[in-house]
Amino acid sequence: MPQLAYVNGQILPLASATLHVEDRGTQFGDAIYEVCAVLNGQILDWQPHLVRLRRNLAELGITLATADGPLGLQARRLIARNGHRECLLYIQISRGTARRDHAFPQGAPANLVMTVRRFDFAQRVRQLGSGIKVITRADDRWGRVDIKTTGLLPNVLAKQAAREAGAFEAWLVAGSEVREGSSTNAWIVKDGRIITHPTGTHILPGIARDSLIRMAREAQMVVEERAFTLAEARDADEAFLTSTTALILPVVAINGEAVAGGKPGPVTHRLAELVWNEVARQTGWRA
Ligand code: PDD
């Protein structure tokens, strides 16, 4: 089956799906995006993703001429046409195509692009057994990383540094404070308390983060939304990360030093059960 993409209302073969070179996403990073997990053909947490997408558009003053229903409908149409049951849905909306000028163009409609890529979620379940390693990097991003824009150069460089160090992720550190990963939210567990950076302008408010906080509290677990330091992370009982594509993964080493004896811990294990049960509840998918 050929890979298909969606460009401004049309579904096309991926190889011929293009935007104009003067798309503002390309020239200025003047675009927002979402990544959603699709399991069993169902989009996980669609409503929260849509709420965040609309907030991001509003923050940047980008108008998308499509209402809620149609965007979800068009995404589902693309997923169905591609035929992948397990995939990642990528949605990108730029301010449009216009003659290059920093200020907003007049009357240029937003460009909406969607792609789907097959994804092996079972791999994430297998990784729960071994955990993953992280390194740390200075957080040198701009001041509004709560807006999910395509301007991801610091994240790209941090992730590449992680790859080169044989790690899964780079945790971004400001002063002594761990903020989040290059594409994931960061967590530690200490004395049974689950700790993650609060929302605000210093982290992306992750959908996986938000849903995990809710599920953990429903399960009578204690969650603290507060900044934690790198020293606290090194000394933590457990550490883990969350995102749409990682779901939840135990962190067993930070900068080459073992966390919690270098093994995934019981609190992370319990949280992973909650996450995968929720996946099954929403989509029917089981590893
Ligand atoms: N990354 N922090 C950053 C900087 C991110 O880019 C992401 C998402 C997250 C986790 O957010 P969520 O739980 O909504 O996926 C945190 C996506 C998946 C990406 O860029 O690929």
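In the predicted model, the protein chain is assigned two domains, with domain 1 spanning residues 4-119 and domain 2 spanning residues 124-283. A distance of 26 Å separates the C-alpha centres of domain 1 and domain 2. To the contact between them, domain 1 contributes 26 residues and domain 2 contributes 21 residues.

The size of an interface is often given as the accessible area lost when the parts come together. For domain 1 and domain 2, the buried area is about 1,900 Å², and carbon and sulfur atoms account for 61% of it. On the side of domain 1, the residues that lose the most area to domain 2 are Tyr33, Leu44 and Arg52; together they supply 30% of what that side buries.

A further contact was examined between two helices, helix 6 (residues 207-218) and helix 8 (residues 266-283). The axes of helix 6 and helix 8 lie 10 Å apart, and the two helices pack at an angle of about 110°. Because angles of 65 to 115 degrees count as roughly perpendicular, helix 6 is described as roughly perpendicular to helix 8. The crossing of these two helices is right-handed.

At this crossing, helix 6 presents Leu212, Met215 and Ala216, which meet Leu271, Leu274, Val275 and Glu278 of helix 8. Classified by residue type, the contact of helix 6 with helix 8 comprises 6 nonpolar residues, 1 charged residue and no polar residues.

Definitions and conventions. Residues are numbered from 1 along each chain as its sequence is written. This is a predicted model: local features need pLDDT of at least 70, side-chain atom pairs count only at pLDDT 80 or more; totals for chains, interfaces and linings use all residues. Side-chain values use heavy atoms; hydrogens and water are left out. Axes are lines fitted to C-alpha atoms, for helices over the stretch in contact, and angles run from 0 to 180 degrees between N-to-C directions. Helices (H or I, at least four residues) and strands (E, at least two) are DSSP runs, numbered from the N terminus. Angles under 35 degrees count as roughly parallel, over 145 as roughly antiparallel, 65 to 115 as roughly perpendicular and the rest as oblique. A crossing is left-handed if the near helix is turned anticlockwise from the far one by less than a right angle, and right-handed if clockwise. Contact means heavy atoms within 4.5 Å. Ala, Val, Leu, Ile, Met, Phe, Trp, Tyr, Cys and Pro count as nonpolar, Asp, Glu, Lys and Arg as charged, and the others, Gly among them, as polar. Domain bounds come from an automatic or database domain assignment. Buried area is the accessible area (1.4 Å probe) that two parts lose on being put together, summed over both.
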